[in-house]
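Please keep the sequence and the structure in view while reading.

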Amino acid sequence: MKWRKILASIALIGLPLYSLGSLTNANSIVGSEEIRANAAAVQATVISDEISDQARIFANQIASEPQFTSWNNADLSISALGPGTHSWLVLVKNNKQAILGYMVLNALEAGGYQLGEYGLSSAPLFGGQSFEHSMLQLGLNKSTGIDKVSAERIYIHPLLAAWKITSDSNPYYTDAATGEQLPVTAEGWETSAKTERSQAALFQAHTEHKLQKSHSLASFDPYAKLSWPTNKPLDINPVKYSSLLVKINGQQQLRYIAERFDGQMLYAWSVVGYHSWTSGHAYIALEAGEDSGLRRYIPLQLLLGLGSFYS
C-alpha cells in the first residue's frame, strides 16, 4: 500500500511527496539582505591553520581525479557548520569567485579530521539558492515579518544536513542541498542526530589516506526506471562491497533509495560513480536528477546503513 501511494504521487505530479528532485528557481524570495547575509555567515569563527591545512590535503587528493582537475590550486573558503564547531564547510573556488565544488570536514574527538562528503557544484550545500528556496517553501517574506526569522546551518552527516530556520520561536528544517522542507520536528531531529552521529564517523576517510581509484558515469534520471517499488534491493556486503563497484564499472544504471523520518520522506538518487581510498573507504557519487548540477560523493557504508541500492 505504501508504494502504491508513492506511485500515485508520481503519476500525478511527476515526483513522490518529499522526494528531492530538481528545484524550481527561487529568485528574490527573501526580501531581506540581513537574513541572507546572516544565513551565509552562520556560525562564523576563526579558522585555525590546522583546519586550513587539512582541507588543502583533502582538496589536493581529490584534485588528482579527472573530474576534479579544476580544484588544482583553487582557493578554499572555510566556515563552521552548526553549534559546537564539529564540522566545517569548505567551498572550492576559482579566483575567489566561481564555486567549483565543496567538502565537509568533521573533527574527531581523539584529534584529527575526517572527510564527511564532497562534490562538484556551483550551487553546493547551504548555498544561497537552497536558502531562498527554503524561505519560499516556508512562505516567509517581508509580509510575514522576516525580521523575526533566524537561520542556522546544521550538519550531522550527508543525509542529515539542513537549514534550521526559526520563525516566531517555531523551528523548521529544510534540506541543505535543495531547500525542500523536511517532515521532522526539533525532537525528531535531535533523536536522529543522537543515534546517527557516531555511526557516521566510522565510515569516513582520514587525512592520512589517499584516493586510489575512481569511476564516473554520465548523469541519468533516477525516475526513468522505477525499480525500487517492485524489485528487491541489491545484496551488498558492507565490508566486501566490490560487487557494487563491479556493477558501476560495468556502466550499470543503479539507484539509491533511502526512506527518512519514519518513512515520511524518500530520497531517490542515481548512482553516477565512486571514489575508493587507501583506507578501504568508498564514496559513492549520487545525483538527484539528470544534470542536476550537484554531484555528491557520500560514504558507501553510511548509505548502506540508511538505505538500499537497486538495479
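What percentage of the residues of the protein chain count as buried? Of its 311 residues, 51% do, where buried means under 20% relative accessible area with a 1.4 Å probe and protein chains only. The model is predicted: local features need pLDDT of at least 70, side-chain atom pairs count only at pLDDT 80 or more, and totals for chains, interfaces and linings use all residues. Residues are numbered from 1 along each chain as its sequence is written, and side-chain values use heavy atoms, with hydrogens and water left out.

**Overall fold**
- The protein chain has 7 helices and 14 strands, taken as DSSP runs (H or I, at least four residues; E, at least two) numbered from the N terminus.

**Helix H4**
- Helix H4 spans residues 128–138, and its buried residues include Phe131, Met135 and Leu138.
- Glu132 and His133 are also among the buried residues of H4.

**Largest pocket**
- The lining of the largest pocket comprises 24 residues, and His86, Ser87, Tyr155, Ile156 and Arg197 lie nearest its centre.
- Strand S3 (98–107), strand S5 (149–157) and helix H5 (186–201) are the elements that give two or more residues to this lining.
- H5 gives the most to the lining, with 7 residues.

Technical notes. Buried < 20%, exposed > 50% of the residue type's maximum accessible area, 1.4 Å probe, protein only. 1 Å grid on protein atoms, 1.4 Å probe; cavity = no way out; pocket = protein on both sides within 12 Å on 5 of 7 lines; lining within 4 Å.
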